[in-house]
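These are my notebook entries on one protein chain, kept in the order in which I looked things up.

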Amino acid sequence: MGDLGLGIRYFIDGQRWVARHGRWWGFGLLPGLITLVLYVGVLIGLGFWADDLTAWATPFADDWGSPWQGLFRGFLTALLFAFGLLLAVVSFTAVTLLIGQPFYESLSEQVDISQDGFAPESGLPLWRELLISAVDSIAVLLRVALYAVLLFALGFLPLIGQTVVPALGICVSGFFLAEELTAVALQRRGFRLKPRLVMLRRRRMLTLGFGVPLALLFLVPVVAVFLMPGAVAGATLLARDLVGTDDRPARLDEHDSAQDALAAEPSPPVQG
């Protein structure tokens, strides 16, 4: 099986794993539900206050006559809400993973234990792991933002902007979504962001096979809530493939040496 098909298989196997372990599926739902409630509350607040924000930001339109003032501010209000909705979709996974770090750590450990009875541990206190996750998540979001600006600019090109660019956008989203999800298991194994990106780029088709289907499904945050536990389980299986099943954790504050060791290693064989 090629890497693309293997990535899709890990996506499916992750959902199957939580289906067979219903208690862990319910346990993994909690962070997504908490994040969903928070986001719904923020969007409802934005809906109530968007008109006031638009009026405050456009004092030069106070003296405009009807209907131009209403049309102009109505357009800006709709644009503001659309931007907030887009930001919610893009950041939902990262925020859910940050809120659910202890939940998903436990779920990922159970997946490892179910495979060979061993779960690597970082050896760091929880507050340090949360800090590292937050810093790495911000770095990923900045990378995604840079790609988004580039793809937005390319979107104005005739034909390419309406065909190739959307497909590239989904691939970029899928790649970084896979990075965020595999980070749960790889961080326990001592890998920071840079070496994780090295591994994922080295197995690009495997990464896209796992991440692209999720990126398409995660466009709807409500769907993301119910698929997230299986996504973490599948990402753990994917991480095991990337680094091998007999790895032992390095300390997270020694990521440079971990990256050097990774670069010196040959590409691991695909686990069946």
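I began with the surface: the accessible surface of the protein chain comes to about 13,800 Å², and 71% of it belongs to carbon and sulfur atoms; such areas come from the Shrake-Rupley method with a 1.4 Å probe, and for residues only the protein chains shown count as cover. I noted that this is a predicted model, in which local features need pLDDT of at least 70 and side-chain atom pairs count only at pLDDT 80 or more, whereas totals for chains, interfaces and linings use all residues. Residues are numbered from 1 along each chain as its sequence is written, and side-chain values use heavy atoms, with hydrogens and water left out.

Next I looked up burial and found that 43% of the 272 residues of the protein chain count as buried (under 20% relative accessible area, with exposed over 50% and partly exposed in between, for a 1.4 Å probe and protein chains only).

For the secondary structure I recorded 10 helices and 0 strands, taken as DSSP runs numbered from the N terminus (helices H or I, at least four residues; strands E, at least two). Of the contacts in the protein chain with a separation of 6 or more, 82% come from residues 24 or more positions apart, where contact means heavy atoms within 4.5 Å.

I then turned to helix H1 (residues 3-20) and helix H2 (residues 22-57), whose axes come within 5 Å and cross at roughly 110°. The axes are lines fitted to C-alpha atoms, for helices over the stretch in contact, and the angles run from 0 to 180 degrees between N-to-C directions. H1 and H2 are therefore roughly perpendicular to each other (65 to 115 degrees; under 35 is roughly parallel, over 145 roughly antiparallel and the rest oblique). Trp17, Val18, Ala19 and Arg20 in H1 meet Gly22, Trp24 and Trp25 in H2.

Tyr147 and Phe176 form a tilted pair, 5.8 Å centre to centre with 50° between the planes; Tyr147 lies in helix H5 (residues 126-154) and Phe176 in helix H6 (residues 160-188), 29 residues apart. Tyr147 counts as partly exposed at 37% relative accessibility, whereas Phe176 is buried at 5% relative accessible area.

How values were computed: Rings of Phe, Tyr and Trp (its six-membered ring) pair if their centres lie within 6.5 Å; planes under 30 degrees apart count as stacked, over 60 as edge-to-face and the rest as tilted.
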